[in-house]
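Subject: Handover of a structure and notes on its contents

Dear colleague,

Please find the structure below, together with an account of what was found in it. I would be grateful if you would read the account with the structure open.

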Amino acid sequence: MHSRGSRTQALCARAACTLTAAVVAAAVAPLGTLSAHACVISQLSNNAWGDVFPDVSGDRVVWQYLGTSGGSSTYEIMTWTPASGTVAITSNSTADYDPHVSGNRIVWVGTGGAVPTGDSDIFTWTPANGTVQLTNTVSGEARVQVDGDRIVWEAAGGSDAGVDLEIFTWTPSGGVVQLTANSADDSEPYVQGDRVVWWGYGGSDAGADSEIFTWTPASGVMQLTTNASPDWASDVWGNRVVWYGTGGSDAGSDYEVFVWESGVGTTQITTNATEDYEPAVYGGRIAWEGKGGTDAGTDHELFTWTLSSGIVQLTQNNTDDRDAAVCGDRVVWAGIGGSDGGADYEIFAWTPAGGVGQFVANSGNDRAPVIDGNWIVWQGKDGDSETMLAQEGQSPVYRFYNVTNGTHFYTSSAAEADHVIATWPTVFHFEGVAYYTDPAKNSQPLYRFYNRVSRSHFYTSSATEAADVLAKWPTVFSLDGQTYAVNPAQVGNNMTVYRFYNVRNGSHFYTASAAERDHVLASWPTIYSLEGPAFWIGQ
């Protein structure tokens with residue numbers, strides 16, 4: 001589910017992070033300060049183009065950037081995965097913007113297309129099918145969202161040919177289906193699974209205020225609110241819908257947070273005299289921003305609610321906290337201040353067990369966090385806007401260069417890496433982190449051998465190859481044992497680790513960098529023979 005730019009699944013740790021640059025071949029940690037890191041922060045873009053509105057699903061990130069095509073600057077769509085790196089999805093002279101992603105399906109709004117109409121249309125891209133234009137009208141499609149293979153958006157026109165906004169959905173099997181056909185605006189659709197939600201005017205009470213609606217293929221359109229006060233900005237997870245609106249049980253003019261659940265009905269979460277806005281939902285946890293709280297301030301604070309714990313105030317300060325996103329029991333947001341006391345926005349996270357932690361502390365605004373699984377992306381600044389990624393649960397694999405024989409050594413053990421640095425400082429040169437792995441996304445132990453002849457190490461994920469090495473060369477190779485876990489075959493967008501054979505000394509070299517692979521092939525074609533992918537890394 002990807003909603004409102006910052007409303008997606010979340011599960012990323014926020015402490016003890018190390019900063020890397022995904023746009024370079026390898027990140028180098030400070031010598032002698034090796035330790036396990038709860039998460040890794042990477043900068044996915046590094047340019048002067050303005051990279052904004054990132055979204056993430058699984059191990060695929062998308063964002064909008066200001067590219068140059070045909071001598072003119074236009075908004076384009078970019079994607080990144082560990083396996084493929086950065087790839088431009090669009091490159092044309094028309095604007096493409098508002099990207100979202102679910103799995104490997106990307107959607108966006110664009111003004112070009114095969115038959116340009118001059119207005120905006122809906123596009124989708126998958127690795128298998130490339131770019132497909134879903135609409136070709138003059139209705140001005142906008143606010144596209146996606147979950148799985150279901151895409152939703154708003155547009156004027158449709159079957160009733162009106163000028164008001166209607167809600168539409170598309171699936172590969174069903175094509176385009178118009179969900180509303182009336183004379184009042186319906187706007188801001190969000191989708192999770194087969195349930196679509198939005199706000200619209202009119203409804204069964206024919207009022208001038210906005211109401212909340214939902215649709216499923218089985219039940220059709222259902223109106224969730226019927227009152228004389230406005231209801232806005234719905235979000236959805238499963239059969240649970242959240243929104244904010246005025247009125248409620250206290251009949252106040254301030255905004256309150258509400259939740260509706262199929263079979264249960266509507267529950268009012270907040271009842272106070274201060275504003276509560278922009279709720280996000282995942283499972284049974286809701287998060288939102290609101291004024292007031294225990295400090296009775298006028299700034300925005302972050303709150304969360306579950307049925308068992310009730311309302312918990314996550315922040316208590318005199319600066320604004322906004323852009324709430326939630327997954328499971330983890331809430332993330334952007335807030336001013338933090339450990340550096342700056343006036344810019346930083347990224348924060350909270351869990352019931354760990355409390356509040358701060359991801360970044362810098363002088364540039366970090367906004368709009370979007371989260372899925374153990375990845376969180378956001379819009380950061382280094383002069384212009386860049387796309388940032390934090391990956392929770394990442395374990396570094398360290399790389400050393402043996403200056404005495406020209407071979408490389410790899411270890412995932414911080415203790416072993418520190419021991420090598422301290423014991424053989426004139427033999428092994430620490431080159432930094434070769435790559436990061438997520439133990440939860442890798443299933444096969446990597447076998448490590450010591451080659452007594454070349455005085456180097458050999459690594460394989462194949463139990464068959466490991467047994468063959470021991471059987472054929474028992475006097476050359478000794479088994480050190482199993483190291484970190486990898487994948488013996490490509491899984492999703494896993495990162496490929498390539499293996500070279502050094503024909504001069506009989507050693508092997510490993511790299512996860514396609515750029516370094518190509519450099520080795522071009523620079524030392526008579527020394528290194530590329531044997532192909534050795535294994536794959538889940539991150």
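Is D480 buried, partly exposed or exposed? D480 is partly exposed, with a relative accessible area of 38%; here buried means under 20% relative accessible area, exposed over 50%, and partly exposed in between (1.4 Å probe, protein chains only).

Some conventions apply throughout. This is a predicted model, in which local features need pLDDT of at least 70 and side-chain atom pairs count only at pLDDT 80 or more, while totals for chains, interfaces and linings use all residues. Residues are numbered from 1 along each chain as its sequence is written, and side-chain values use heavy atoms, with hydrogens and water left out. Helices (H or I, at least four residues) and strands (E, at least two) are DSSP runs, numbered from the N terminus.

Salt bridges

A salt bridge is taken as a side-chain nitrogen of Lys or Arg within 4 Å of a carboxyl oxygen of Asp or Glu. The count by this rule is 16 salt bridges.

One of them joins R448 to D480, with 3.1 Å between the closest N and O atoms. This pair links distant parts of the chain, since R448 belongs to strand 39 (residues 444-451) and D480 to strand 41 (residues 477-486), 32 residues apart. R448 has a relative accessibility of 10% and counts as buried.

Another salt bridge is formed by R499 and E465, whose closest N and O atoms are 3.1 Å apart. R499 is in strand 42 (residues 495-502) and E465 is in helix 2 (residues 463-472), so this pair ties together parts that are 34 residues apart in sequence. R499 counts as buried at 12% relative accessibility, whereas E465 counts as partly exposed at 25%.

Salt bridges that share partners also join E289, D320 and R322 into one network. Within it, D320 and R322 have their closest N and O atoms 3.7 Å apart. R322 is partly exposed, its relative accessible area being 24%.

Axes are lines fitted to C-alpha atoms, for helices over the stretch in contact, and angles run from 0 to 180 degrees between N-to-C directions.

Five bridges pair strand 39 with strand 40 in the antiparallel sense, and N451 has S456 in strand 40 as its bridge partner. Contact means heavy atoms within 4.5 Å.

The sheet of strands 36, 37 and 38

An open sheet of three strands has the order 37-36-38, again with antiparallel pairing. Its edge strands, each pairing on one side only, are strand 37 (407-411) and strand 38 (428-437). Strand 36 (residues 395-402) and strand 38 run antiparallel and are joined by eight bridges; Y401 stands opposite H429 in strand 38. Helix 1 (residues 414-423) lies across strand 36, strand 37 and strand 38, at about 25 degrees to strand 36.

Strand 14 (residues 150-157) is mostly covered, with eight of its eight residues buried. Strand 13 (residues 142-147) pairs with strand 14 in the antiparallel sense over four bridges, and the bridge partner of D147 is R150. These two strands form a hairpin with two residues between them, where G148 in the turn has a positive phi of about 60 degrees.

Strand 14 also pairs with strand 15 (residues 162-171), in the antiparallel sense and over seven bridges. A155 stands opposite E166 in strand 15. In this hairpin there are four residues between the strands, and G158 takes a positive phi near 90 degrees.

Yours sincerely

Terms used
Pairing = 2+ DSSP bridges.
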